[in-house]
Amino acid sequence: MPESIQQQILEDQPRLGLDTRFTFRCGPDRECFNRCCADVTILLSPYDVLRLKKALHMDSSEFLEKHTLVARSRERQVPVVLLRMTEETRQCPFVGQAGCSVYPHRPWACRMYPLGMAEPKEPDAAAQRFYFLVTETICQGHRGPDQHSIREWITEQEIEAFDQMQGPFLALLAHPGWDSPESTTAAKLDMYLTALYDLDRFRRFVFESRFLELFEVEESRIQAIAEDDEELLEFAIDWLAFSLFHEKTMRLRKPASASQPASGISAPTEQPGGEYAQS
Ligand code: SF4
Ligand code: SF4
């Protein structure tokens with residue numbers, strides 16, 4: 001979300017809690033059915049991409065190429081991934097006459113609608129996660145009659161699983177280490193994008209480069225990341241915390257030599273799939 005909009009939300013929107021009730025019902029009998037699935041900006045988290053590419057039986061590189069756009073955050077140039085609307089109609093590629101064709105795997109933002117969520121950065125007591133209601137003139141869902149509390153909506157839309165997977169990613173995004181220019185070199189940002197979003201490519205990088213010779217990874221975890229995308233995503237976040245911010249989330253297999261100190265380990269100089277390098 002652009003920072004100006006985020007700031008506006010923090011300042012202007014009534015802050016709703018989990019027990020706040022709201023009126024909303026969406027369905028094919030609404031005149032506006034499917035209209036909200038066009039010309040819309042949908043930010044995809046790594047878990048959103050993971051769910052969609054699996055549902056569509058696509059390789060992550062193919063999914064990213066076909067269905068996403070990559071933008072850069074203004075402040076730090078950190079890549080953000082957006083769902084690409086079709087060029088002809090500006091519709092979401094997954095919307096059809098019957099509605100969302102990927103409904104069980106739809107992104108977090110689609111599940112949450114018409115709710116938004118914000119987390120102020122200030123560390124004071126009042127600064128906690130809150131929800132807000134998005135009301136757009138196009139949307140007839142607010143006519144009701146159905147009533148939900150925000151807590152009920154989160155459960156009905158199966159948002160908890162997404163929040164659980166997205167927690168470590170959001171923690172990585174909020175890491176104070178982003179303030180260091182060392183963390184935002186082009187090579188490191190490319191690595192960030194690949195490790196989080198292009199999981200099949202990242203897996204090839206881990207298994208086909210010297211990665212596992214250099215890092216001590218438990219056998220059970222190696223097996224898990226070989227087969228399971230969720231496990232691989234958690235591993236990718238550990239790797240990025242180490243690579244970008246020198247967190248102790250990975251262990252080197254061998255003591256580093258004096259000429260190549262452990263703290264000098266950084267992102268690969270080649271693209272994942274190529275050779276791992278030390279700086
Ligand atoms: S505009 Fe609102 S009511 Fe209409 S389909 Fe979209 S979410 Fe449902
Ligand atoms: S993913 Fe589904 S719900 Fe979300 S915009 Fe596309 S069609 Fe609509």
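1. With that, the shell around ligand 1 has seven nonpolar, three polar and two charged residues. "Around" means that a residue's C-beta atom, placed from the backbone, lies within 6 Å of the molecule.

2. Keep in mind that this is a predicted model, in which local features need pLDDT of at least 70 and side-chain atom pairs count only at pLDDT 80 or more, while totals for chains, interfaces and linings use all residues. Residues are numbered from 1 along each chain as its sequence is written, and chains are lettered from A and ligands numbered from 1 in the order in which they are written.

3. On to the ligands. The residues around ligand 1 include Cys 26, Cys 32, Cys 36 and Cys 139, along with Arg 30 and Arg 35. Ligand 2 has Cys 37, Cys 92, Cys 100 and Cys 110 among its neighbours, plus Arg 106.

4. For the overall fold, the chain has 11 helices and 11 strands, taken as DSSP runs (helices: H or I, at least four residues; strands: E, at least two) numbered from the N terminus. Buried residues make up 23% of the 279 residues; buried means 20 or more other C-beta atoms within 10 Å of a residue's own, exposed 12 or fewer, and partly exposed in between, with C-beta atoms placed from the backbone.

5. Look at helix 8 (residues 199-208), where Leu 199, Phe 202, Arg 203, Phe 205 and Val 206 are buried. They sit on the same side of the helix, because they cover an arc of only 160° around the axis (the arc of the directions from the helix axis to the C-beta atoms). Their cover includes helix 2 (46-55), helix 7 (186-197) and helix 11 (229-245).

6. The largest nonpolar core has 43 residues, and Val 49, Ala 195, Phe 202, Leu 232, Ala 236 and Leu 240 have the most contacts inside it. Such a core is a set of buried Ala, Val, Leu, Ile, Met, Phe, Trp, Tyr and Cys residues joined through C-beta atoms within 7 Å. Helix 11 gives the most to this core, with seven residues. Domain 1 (3-160) and domain 2 (176-264) both contribute, so the core lies between them; the bounds come from an automatic or database domain assignment.

7. Finally, Gln 164 is in helix 6 (residues 159-173). Gln 164 is exposed because it has 11 other C-beta atoms within 10 Å.

Methods: Nonpolar A, V, L, I, M, F, W, Y, C, P; charged D, E, K, R; others polar. Contact = placed C-beta atoms within 7 Å.
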